[in-house]
There are 2 protein chains.
Amino acid sequence: MGKRTIVSPVSHPKRNNPSARRRPGAVSIRDVAQRAGVSIATVSRTVNRIPTVNPELAKRVWRAIDEVGYLPNTQARALVSGRSHMLGLIVSEITNPFFPELVQEFENLAVAQGYEVLIGSTNYEPARTESLMRRLLQRNVDGVAVMTFGVEEDLVKQLVAREFPLVFVDAGADLPNIRVIKVDYGEGIRQAVQHLAALGHRHIAFVSGPLRLRSAVARRDAFLKSMGEVGLSVPGEHIVEGTHTMEGGIMAMESLGALETLPTAIICSNDMTAIGVLHGLHGTVHKVPEDISVVGFDDIHLAQFMLPPLTTVQMSCKDLATAAVEALRAGIESGHPKSARKEWRIPTRLVVRQSTSYPRGSLPALVRRHAAKVNQGD
Amino acid sequence: MGKRTIVSPVSHPKRNNPSARRRPGAVSIRDVAQRAGVSIATVSRTVNRIPTVNPELAKRVWRAIDEVGYLPNTQARALVSGRSHMLGLIVSEITNPFFPELVQEFENLAVAQGYEVLIGSTNYEPARTESLMRRLLQRNVDGVAVMTFGVEEDLVKQLVAREFPLVFVDAGADLPNIRVIKVDYGEGIRQAVQHLAALGHRHIAFVSGPLRLRSAVARRDAFLKSMGEVGLSVPGEHIVEGTHTMEGGIMAMESLGALETLPTAIICSNDMTAIGVLHGLHGTVHKVPEDISVVGFDDIHLAQFMLPPLTTVQMSCKDLATAAVEALRAGIESGHPKSARKEWRIPTRLVVRQSTSYPRGSLPALVRRHAAKVNQGD
DNA sequence: CCTCGGCAGGGAAACGCTTTCCAAAAGCAG
DNA sequence: CTGCTTTTGGAAAGCGTTTCCCTGCCGAGG
């Protein structure tokens, strides 16, 4: 612990710099200034369209910018502004087609407002969320949207204490200073259950997502609630835990297929699971939708191209992305008019396609089959 | 805790700073130093595991790091090292499932080596590549992998002149100082054509990608070459330009369906197109594979879950990502042992599943149908 | 004609946090 | 007590901007 060293007043000893740090071809504001024969201050003012620059001079500067191929360095700007203008986006699994759609919407919105996006995917492992978050914080992002589910509570609390802008989907604990996007799973799933019940289904199974995920639990609970509302009971073996993947759907179908009485309809916690269920039914005697109806969730773009096109609950990822970006901006720009808002709601609704129909043996199904025969004989 | 920090004489006039730039809760190396009662230099040495620090002291520093929740700021490190440790990755379309798989592999490799990834998608519009590239350059990325196709030549030349590390897939012009990943489309497509020819197909159509894309042209040309090799002719109407999307596959199928004689097999330039073709055939009298065989390209994860599971040409996106990251590192770290290497090759190969079979009416098909009948009668 | 005000433009500090250089302190041996 | 080594601390350097403040110029008014 030395006492303070009074350092020799050699102001700039210009460290000898063997490993040239500057990229040889990089073009900075200095090059523009030299080319245009002005000071860097003038170039900066020109670029930022500050009106005190002489128009003639500005034109010369713009020409110089073009000639040397200058691009303002965002990092340096971040240095001055104190904002990195980068956002983090954490999703469950980038290879699940729902998320690229979300990423695209999010990115478009973010870029339109001058932000760059760093993407991380947790692969449904809560532990990865934490390391991902660390990575993003090290990169100095201005805020993070956590569009996956199940984050370590203490990490969140730590970040809340630092007043770090965070947005969650379906957050559990109602922490102060956190913005939440609440998806109204209830409505869409109620529509799905009522649709199936109206078709005459009495035995409806549910393939959930991994139950560590809050959203998966929320969807399952919404299903149970809706089933209660229409007066249908759900035996325990008709609730199967999946993984939100096609493989999970296949496995769930295997375990449902082993039951004595097969359900006549299956609602899945997401579309990938539904695709897996369709695949699991293919090659068996059970045809979709004649023998068994299948409903998905998310309405990914692919859903309408499945064979048969998938009846599914739509959750607009555009709405989701819009809410996320808006909520993050509210957190970042403290003077933002919307910064007081803490909650965003996303509706869901059923989209009926061709993977659902009357259960085999029900009256409408018989009528329909009869009509088909008559048509055939025509 | 003596106030040994006697402020240096006047030299820092401390600009009055109304908009506090520093994030209030942010933790820096200074906080750790204060907490541990050491200098920031010692903290830095500890973090970087420089062996001259006293182990006891190091332990105290690590504890302090834990207590205050310190994360080294990558931006500041970049400032000193001159490297942002960020890579750009430009893909065609993030919602085409092939690319998320690629992104994931690329990101895993990059992160393992201390890089972060900025992703951009062009949506097949060459103009977007340029603005994307600008965005990435402004963000000061250390290099960019362009996994889409068709980049403005002059932009590329400009970057080459700046010695900016770039990696292309299927680059056309053999520019110096550029690293290229060459995908061997020929082999996989040859296998596909030979597979179909061996099954007895004589009329094979091809649905290409958008022909602005070099890779789309390369795939089509590989198809024509292979067809020539097996002695089959390709009438012009059997080559249809698609868009590398499901919608494009449906439209291509419509135009093929309007022909007098339908081909008995269709090879598609990517799997999404093949899915569209399958969808387009669904509901018609033509069944896959009994009436018409369909082959895809890419082997996305989804391919094996299609109904029927898709025969397709596999291009390992792990190989692709590995090559891309390796090539970028070679360009960035000039002292890298592999920096001389300029070209990487990716093989392709056919994966036979259930969307291909004998053409209807051919001898093997008749034999097979007969066998099936016999089995049934058993 | 001289002075003052307004304004365009230039020089240089500040911005952030880390790494690293150099020197000081401390410990030990001769 | 001197000289050497080892450990630690102070402070500069590093990036490319933005912005503050001051200079110099020009026109207008006294």
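In this predicted model, the axes of α5(A) and helix α12 (residues 317-332) of chain A come within 8 Å and cross at roughly 45°. That angle lies between the limits for roughly parallel (under 35 degrees) and roughly perpendicular (65 to 115), so α5(A) counts as oblique to α12(A). The crossing is right-handed. On the α5(A) side, the residues that meet α12(A) are Phe98(A), Glu101(A), Leu102(A), Glu105(A), Phe106(A), Leu109(A) and Ala110(A). Their partners in α12(A) include Cys317(A), Lys318(A), Leu320(A) and Val325(A).

Six strands of chain A line up as β7-β6-β8-β9-β10-β12, forming an open sheet with mixed pairing. Its edges are β7 (239-241) and β12 (348-351) of chain A, each of which pairs on one side only. Neighbouring strands are turned by 20° against each other on average, direction ignored. Within the sheet, β6 (residues 204-208) and β8 (residues 265-268) of chain A run parallel and share four bridges, with Val207(A) sitting opposite Cys268(A) of β8(A). Helix α9 (residues 214-229) of chain A packs on the sheet and touches β6, β7, β8 and β9 (293-298) of chain A. The direction of α9 makes about 170° with that of β6(A).

As for the two chains, their contact draws 44 residues from chain A and 45 residues from chain B. Helix α5 (98-112) turns up again here: on the chain A side, it is among the elements that each supply at least two residues, as are β2 (116-121) and α11 (271-281). That side splits into 18 nonpolar, 17 polar and nine charged residues.

Methods
Residues numbered from 1 in each chain as written. Chains lettered and ligands numbered in written order. Predicted model: local features only at pLDDT ≥ 70, side-chain atom pairs only at ≥ 80, totals over all residues. Contact = placed C-beta atoms within 7 Å. Nonpolar A, V, L, I, M, F, W, Y, C, P; charged D, E, K, R; others polar. Pairing = 2+ DSSP bridges. Axes fitted to C-alpha atoms, helices over the stretch in contact; angles between N-to-C directions. Parallel < 35°, antiparallel > 145°, perpendicular 65-115°, else oblique. Left-handed = near helix turned anticlockwise from the far one by under 90°.
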